[in-house]
Amino acid sequence: APAARVIDGKAVAQRLRARVAERVAALPFRPGLRVVRVGDDPASGVYVRNKDRAALAAGFDSETVLLPADVRETALLYLIGELNADPAVDGILVQLPLPPQIRQEAVVDAIDPAKDVDGFHPVNAGLLATRQPSLVPCTPKGVMHLLREAGVPLAGARAVVLGRSQIVGRPLLQLLLDADCTVTVAHSRTRDLPAECRRADVLVAAVGRPEMVRGDWVAPGAAVIDVGINRLPDGRLAGDVAFAEVAGHAGAITPVPGGVGPMTIACLLENTLDAALRRRGEANGG
Ligand code: NDP
């Protein structure tokens, strides 16, 4: 049996979704979410369906807009303009990645920052970096929820984030810093990754390399959050952390699947509710 406490992301996500649903039920309107999907790639189809189902279950007015894989960028930008202008729409999410004829940056930049429930718009990134209220990217937000729910002490703790992507590593730097951690962000050019990781009280792995973090990279008692979702050749899912090795001596650890993954959708719902309350002038509604 592992020495580490296994953090049950599924249960935490379920509770968060229930809280969102309760708050939505008490509103005089249904927050609107629109998920835009380009092409019908089956892998992203699963994600989109899950998002849609979770949003409907929470009481949102949710719809998926499916565009053909060869849609032109101008047509997608036009659609975003319509959704921006639609008062019934509180949240817009464009499923990434997009096909090569469409510039991802142009699309993200076109979304009204107040409706940007993925939190990828540069305005939201800037608000987060300057510690102002913003829509925070769902996965990093989910990581912070898990750390808090698991009772991991953050103030003064040494946090190491593996990965510096715009959607996970960088926002996590801000969020952990705001939680009074001393933060190191490591990446592919970091010298002696294992040594950096061993200094961590809180280690978050978001690299996309199956089981890269080995047992001897983790200090005894550390809290380890595994963001990685990697599909192995045999079809199994693996995290960025070698779970069996690390769970032997970490203090707490998230599994894959069942850790960060379920939190991402729950946080998307939370962001959509927040966006709706802010847009409709009912900030601090819960
Ligand atoms: P990116 O590919 O955008 O970023 C990966 C980061 O890891 C980069 O900063 C890269 O460094 C760094 N990295 C890659 N290889 C190494 C290495 N060998 N040593 C050290 N650092 C390395 O990935 P994402 O941030 O988008 O995603 C990371 C993982 O999280 C993936 O497995 C993804 O599937 C998963 N994910 C899960 C989500 C969820 O739970 N819902 C949501 C989003 C992502 P450099 O910058 O130098 O290239």
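This is a predicted model: local features need pLDDT of at least 70, side-chain atom pairs count only at pLDDT 80 or more; totals for chains, interfaces and linings use all residues.
Close-up 1. The peptide bond leading from Leu 96 into Pro 97 is cis, and its omega angle is near 0 degrees. Most peptide bonds are trans, and most residues other than glycine have a negative phi.

**Close-up 2. The loop between strand S11 and helix H10.** Pro 257 is found in the loop that connects strand S11 (252-253) with H10, and the peptide bond from Val 256 to Pro 257 is cis, with an omega near -5 degrees.

**Close-up 3. The loop between helices H5 and H6.** Arg 131 has its place in the loop between helix H5 (122-129) and H6. The phi angle of Arg 131 is near 60 degrees, which is a positive value in a residue other than glycine.

**Close-up 4. The packing of helix H6 on helix H7.** Two packed helices are described by the angle between their axes and the distance between the axes. Helix H6 (residues 138-149) and helix H7 (residues 169-178) pack at an angle of about 35 degrees, and their axes are 8 Å apart. The crossing in which H6 passes H7 is right-handed. On the H6 side the contact is made by Pro 140, Val 143 and Met 144, and on the H7 side by Pro 171, Leu 172 and Leu 175. Sorted by class, this contact of H6 with H7 has six nonpolar residues, with no polar and no charged ones.

**Close-up 5. The packing of helix H6 on helix H10.** The axes of H6 and H10 are 8 Å apart, and the two helices pack at an angle of about 110 degrees. H6 and H10 are therefore roughly perpendicular to each other. From H6, the residues Cys 138, Thr 139, Lys 141, Gly 142, Val 143, His 145 and Leu 146 meet Val 260, Met 263, Thr 264, Ala 266, Cys 267, Leu 268 and Asn 271 of H10. The residues of this contact of H6 with H10 divide into eight nonpolar, five polar and one charged.

**Close-up 6. The packing of helix H2 on helix H10.** Helix H2 (residues 42-57) and H10 have axes that come within 10 Å of each other and cross at roughly 50 degrees. That angle makes H2 oblique to H10, and the crossing of H2 and H10 is right-handed. Asn 50, Lys 51, Ala 54 and Ala 55 of H2 make the contact together with Ile 265, Leu 268 and Leu 269 of H10. Among the residues of the contact of H2 with H10, five are nonpolar, one is polar and one is charged.

**Close-up 7. The shell of residues around the ligand.** Of the 23 residues around the ligand, those that come nearest are Gly 163, Ser 165, Ser 188, Gly 208 and Thr 264. By class, the shell around the ligand comprises nine nonpolar, 11 polar and three charged residues. Thr 264, one of the residues that come nearest to the ligand, is also among the H10 residues that meet H6.

**Overview. The whole protein as a setting for the close-ups.** The protein has 10 helices and 11 strands. Its radius of gyration is 19 Å, close to the 19 Å that the globule rule gives for 286 residues, so the protein is as compact as a globular protein of that length. Along its principal axes, the C-alpha trace spans about 50 × 40 × 35 Å.

Conventions
Residues are numbered from 1 along each chain as its sequence is written. A residue is near a molecule or strand if its C-beta atom, placed from the backbone, lies within 6 Å of it. Ala, Val, Leu, Ile, Met, Phe, Trp, Tyr, Cys and Pro count as nonpolar, Asp, Glu, Lys and Arg as charged, and the others, Gly among them, as polar. Axes are lines fitted to C-alpha atoms, for helices over the stretch in contact, and angles run from 0 to 180 degrees between N-to-C directions. Helices (H or I, at least four residues) and strands (E, at least two) are DSSP runs, numbered from the N terminus. Angles under 35 degrees count as roughly parallel, over 145 as roughly antiparallel, 65 to 115 as roughly perpendicular and the rest as oblique. A crossing is left-handed if the near helix is turned anticlockwise from the far one by less than a right angle, and right-handed if clockwise. Two residues are in contact if their C-beta atoms, placed from the backbone, lie within 7 Å. The radius of gyration is taken over C-alpha atoms; the globule rule is 2.2 Å times the number of residues to the power 0.38.
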